[in-house]
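Please read the following report alongside the sequence and the model.

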Amino acid sequence: MAVSISILAVIISLNLVAFVLAIGAESRRSTAKVVSDQYDERTYCVYDTDASTVYGLSAFGLLLISQMIVNGVTRCLCFGKGLVTGSCSATCAIILFIFSWLSFLGAEACLLAGSARNAYHTKYRGYFLKHDLSCATLRRGVFAAGAALTLLSLIGSVLYYWAHSRADTGGWEKHQNEGVGMTSASYPQQQQTGEFEKA
């Protein structure tokens, strides 16, 4: 299996869009303020937006699709004649496979947990006499960590795909001298048939 430019372009674009969405989710986190209820003595939280949840879940989905494409093309490191030889490229492919999965799982955990926490809205918090009221909001940095891990997942996936392809095909050696071999094999046959015709 040789490296496909179109597959690389799809992987890179999906990861970059997921990175941009994760950054957008970090900047659009929900904020809330405590407001007193006009009908009783309780207070409640008013939240401004849920855009961060939508961005986070979109980044989660795109990153998942990208990882499925990489592992579908490479067959999740299970097949390939070059991977059983124990070459340096096979060792690099295994290490990068583990690295890409760890960074992928970390990014997905941050994006999913951040989206779920951002979507959680506290209703009533207490009574007027209490002064330490706070509304539940997502703390800063969860989506930023997901964005950073998304970039690491991108680097790991691209390098893993390249190392797997190199181990599977033996680099560029598989494609050398294909045209020369075909012309040299047909030339002696033509020369021998010409000699028989003359005789």
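## Ser 58 in helix H2

Ser 58 lies in helix H2, which spans residues 51–73; helices here are DSSP runs of H or I with at least four residues, strands are DSSP runs of E with at least two, and both are numbered from the N terminus. With a relative accessible area of 31%, Ser 58 is partly exposed, a class that falls between buried (under 20% relative accessible area) and exposed (over 50%), as computed with a 1.4 Å probe on protein chains only. Ser 58 and Val 17 are 41 residues apart in sequence, and their C-alpha atoms are 9.3 Å apart in space.

The model is predicted, so that local features need pLDDT of at least 70 and side-chain atom pairs count only at pLDDT 80 or more, whereas totals for chains, interfaces and linings use all residues. Residues are numbered from 1 along each chain as its sequence is written, and side-chain values use heavy atoms, with hydrogens and water left out.

Leu 159 is found in helix H4 and counts as partly exposed, at 37% relative accessibility.

Thr 137 has its place in the loop between strand S3 (124–127) and H4, and with a relative accessible area of 32% Thr 137 is partly exposed. Between the C-alpha atoms of Thr 137 and Arg 29 the separation is 8.2 Å, although these residues are 108 residues apart along the chain. Leaving aside residues up to four places away in sequence, Thr 137 touches Ser 30, Thr 31, Ala 32, Tyr 47 and Arg 117, where contact means heavy atoms within 4.5 Å.

## Packing of H1 and H4

Helix H1 (residues 5–27) packs with helix H4 (residues 142–169) at an angle of about 170°, and their axes are 8 Å apart; the axes are lines fitted to C-alpha atoms over the stretch in contact, with angles running from 0 to 180 degrees between N-to-C directions. H1 and H4 are therefore roughly antiparallel to each other, the term for angles over 145 degrees.

Among the H1 residues that take part are Ile 7, Ile 11, Phe 19 and Glu 26, and the H4 residues they meet as a group include Phe 143, Leu 151 and Tyr 161. By class, the contact of H1 with H4 has 18 nonpolar, four polar and one charged residues, with Ala, Val, Leu, Ile, Met, Phe, Trp, Tyr, Cys and Pro counted as nonpolar, Asp, Glu, Lys and Arg as charged, and the others, Gly among them, as polar.

## A salt bridge

The count comes to one salt bridge, defined as a side-chain nitrogen of Lys or Arg within 4 Å of a carboxyl oxygen of Asp or Glu. Arg 29 forms a salt bridge with Glu 26, with the closest N and O atoms 3.6 Å apart, and both Arg 29 and Glu 26 are buried.

## Strands S1 and S2

Strand S1 (residues 32–36) and S2 pair in the antiparallel sense over five bridges, where pairing requires that DSSP finds at least two bridges between two strands. Lys 33 stands opposite Val 46 in S2.

## The chain overall

The secondary structure comes to five helices and three strands, following the pattern α-β-β-α-α-β-α-α along the sequence. Buried residues make up 33% of the 199 residues in the chain.

Notes:
Parallel < 35°, antiparallel > 145°, perpendicular 65-115°, else oblique.
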